[in-house]
Amino acid sequence: MNTSTKSEGWVRAVEIGLGIIVVILAIYALAYPGATFVSLVWILGIILFIVGIDRLITGIFLPIRGRGATIGLGVLVLIFAGLVIAFPVFATWMITVFIGIALLFAGAASIVQGFSGKESGWKKAFLIGVGALLIVIGVMVLVSPVFGAVFAGIVVATGLLIAGIEMIVAGATGKRLNIPADTLTSKK
């Protein structure tokens, strides 16, 4: 059973305002999906750089086991993060190639599962169809990493657009859907 709670006025205004900002940014991201993905990779590089610094500080200043490994891995994280920050387009290209390879494996796994004999009827056809679609998209990404970056940018932008619309609706109605925890854990 779903329940909802009413939000305070200022919370609703903040939700609407932030939702509008997210929708505007999502529309921009949909207009420039390749640049969006490159930007996300660059931000990831900055985050990894900070993680590398944390690993170095932890390894140098805290009495932990595996101090040398922590310092060494921190240095490696800093090196790779520095490369991502310095060369975000190349890093994006590498990531899209890995995404393409992952899509090929996921598609092959889905097709194998479909033909394994454990599924029948529409489930079997669905698994095989999804597997074929994943392989086609994986090949397209490998043939054109630019397509892969654009595709990934569109997926991220679409998710942001949906989240922004949800924020605006929640703010406008003053209600946010709350699903009791017991319904999430109960088996039907």
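By how much of a helical turn are phenylalanine 147 and phenylalanine 151 separated in helix α6? Because they stand four residues apart in helix α6 (residues 145-173), the separation of phenylalanine 147 and phenylalanine 151 is about one helical turn. This is a predicted model, in which local features need pLDDT of at least 70 and side-chain atom pairs count only at pLDDT 80 or more, while totals for chains, interfaces and linings use all residues. Residues are numbered from 1 along each chain as its sequence is written, and side-chain values use heavy atoms, with hydrogens and water left out.

**Overall architecture**
- Seven helices and two strands are present in the chain; helices (H or I, at least four residues) and strands (E, at least two) are DSSP runs, numbered from the N terminus.
- The order of elements from the N terminus is β-α-α-α-α-α-α-β-α.
- Of the 188 residues in the chain, 24% are buried (under 20% relative accessible area; exposed is over 50% and partly exposed in between, with a 1.4 Å probe and protein chains only).
- Contact means heavy atoms within 4.5 Å; among contacts between residues at least 6 apart in sequence, 74% join residues at least 24 apart.

**Aromatic pairs**
- The structure contains three aromatic pairs (ring centres of Phe, Tyr and Trp, the last by its six-membered ring, within 6.5 Å; planes under 30 degrees apart are stacked, over 60 edge-to-face and the rest tilted).
- One of them joins tyrosine 28 and tyrosine 32 in a tilted arrangement, at 5.0 Å centre to centre and 50 degrees between the planes.
- Tyrosine 32 counts as partly exposed because its relative accessibility is 47%.
- Phenylalanine 147 and phenylalanine 151 form a stacked pair, at 5.8 Å centre to centre and 20 degrees between the planes.
- Phenylalanine 147 is partly exposed at a relative accessible area of 27%, and phenylalanine 151 is partly exposed at 33%.

**Nonpolar core**
- The largest nonpolar core has six residues: Phe37, Val41, Val84, Ala91, Ala149 and Ala152 (buried Ala, Val, Leu, Ile, Met, Phe, Trp, Tyr and Cys joined through side-chain atoms within 4.5 Å).
- Helices α2 and α6 are the elements that give two or more residues to this core.
- Apart from neighbours within four places in sequence, alanine 91 is in contact with Val41 and Val84.

**Surface**
- The chain exposes about 12200 Å², of which carbon and sulfur atoms supply 78% (Shrake-Rupley method, 1.4 Å probe).
- Leucine 44 lies in helix α2 (residues 33-61) and, at 40% relative accessibility, counts as partly exposed.
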